[in-house]
Amino acid sequence: MSRAMTAKISAIYGPTASGKTALAIELARSTGAVIVNADSMQIYRDLRIITARPSVEEEAAAEHRLYGVLTGDDPCSVARWVALVKAEIERLSPRPIILVGGTGLYFKALTDGLTSIPNIPIRFRNKIRALHKSLGQKKFYQKLIKLDPKSKRKINPTDTQRSIRAYEVKQFTKKSLHDWFQNTKSYFVKDDFFKIYIDYPREELIQRINKRTEQMIEIGAINEVKRFSKLKVRKDKSVNKAIGIHEIKEYLEKRKDINDVIEK
């Protein structure tokens, strides 16, 4: 185990509605492990239903950490999550730990490490976002690969978020995002983790997602978003990216009917 870590760490990951929570609870109950959140949205307190955070009953069935611990106004970057997880692992060691989530970037940050890219001023970042908005992804991507040719091999032409990030890093630091990545060292190594990936045939997974969406509506997703809207969380906060907020708001504002919302 790297860096004197003695905890046994499992990582359960896979697409939404693949049954990660149920498997984690089953394993935790049989091994005495603690389940630790590795999902970027389930860390927030006010959106249990639409983020598919474990229910009160599920959380009572096994020990859970880092679920619903932040308010929407309290941003959680990858770096912050890694720091929180490291602290939990050290605190819980040598108890076994099960990391559960659908945020692949979080798992990658643990196993591959985080880059030491200098902080980029928000005004500078906003200028790049405005440029992207004015050009559209296709033209912006072409501009990116002229600025940073290495991005052509590393970033999908339709990947908006990574395109913007690569552009702002190269423009501000004069060094490619991918060069920064090469100089990254991890706190852990990949052998520290026993990985379990859950997947289903596409058609079956779509059926599971459809069923989950209908259940979310039935158990109160609309009222949850209504309550969340009253909190007036700033639009630039990460929590607003949770799938379901925008769609349900369209229904609340009478711009879409419920069937359209469920389909989206």
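## Terms and model

Helices are DSSP runs of H or I with at least four residues, strands are DSSP runs of E with at least two, and both are numbered from the N terminus. The model is predicted.

## The sheet

The order S3-S2-S4-S1-S5 describes an open sheet of 5 strands, and the pairing is parallel. Strand S3 (64-65) and strand S5 (193-197) are at the edges; each has a single partner strand, so one side of each has no neighbour in the sheet.

Strand S2 (residues 34-37) and strand S4 (residues 97-101) run parallel and are joined by 4 bridges. Within this pair, Asn37 has Val100 in S4 as its bridge partner.

## Helices on the sheet

Helix H1 (residues 20-31) packs on the sheet and touches strand S1 (9-13), S2, S3, S4 and S5. The direction of H1 makes about 175° with that of S4.

Helix H3 (residues 78-92) also packs on the sheet, where H3 touches S1, S2, S3 and S4. Between the directions of H3 and S2 the angle is about 170°.

## Ile248

Ile248 belongs to helix H12 (residues 245-252). With a relative accessible area of 5%, Ile248 falls under the 20% cut-off and is therefore buried.

Apart from neighbours within four places in sequence, Ile248 is in contact with Ile50, Ala221, Ile222, Val225 and Val261. Asp260 lies 12 residues from Ile248 in sequence, and their C-alpha atoms are 9.7 Å apart in space.

Note on methods:
Residues numbered from 1 in each chain as written. Predicted model: local features only at pLDDT ≥ 70, side-chain atom pairs only at ≥ 80, totals over all residues. Heavy atoms only, no water. Pairing = 2+ DSSP bridges. Contact = heavy atoms within 4.5 Å. Axes fitted to C-alpha atoms, helices over the stretch in contact; angles between N-to-C directions. Buried < 20%, exposed > 50% of the residue type's maximum accessible area, 1.4 Å probe, protein only.
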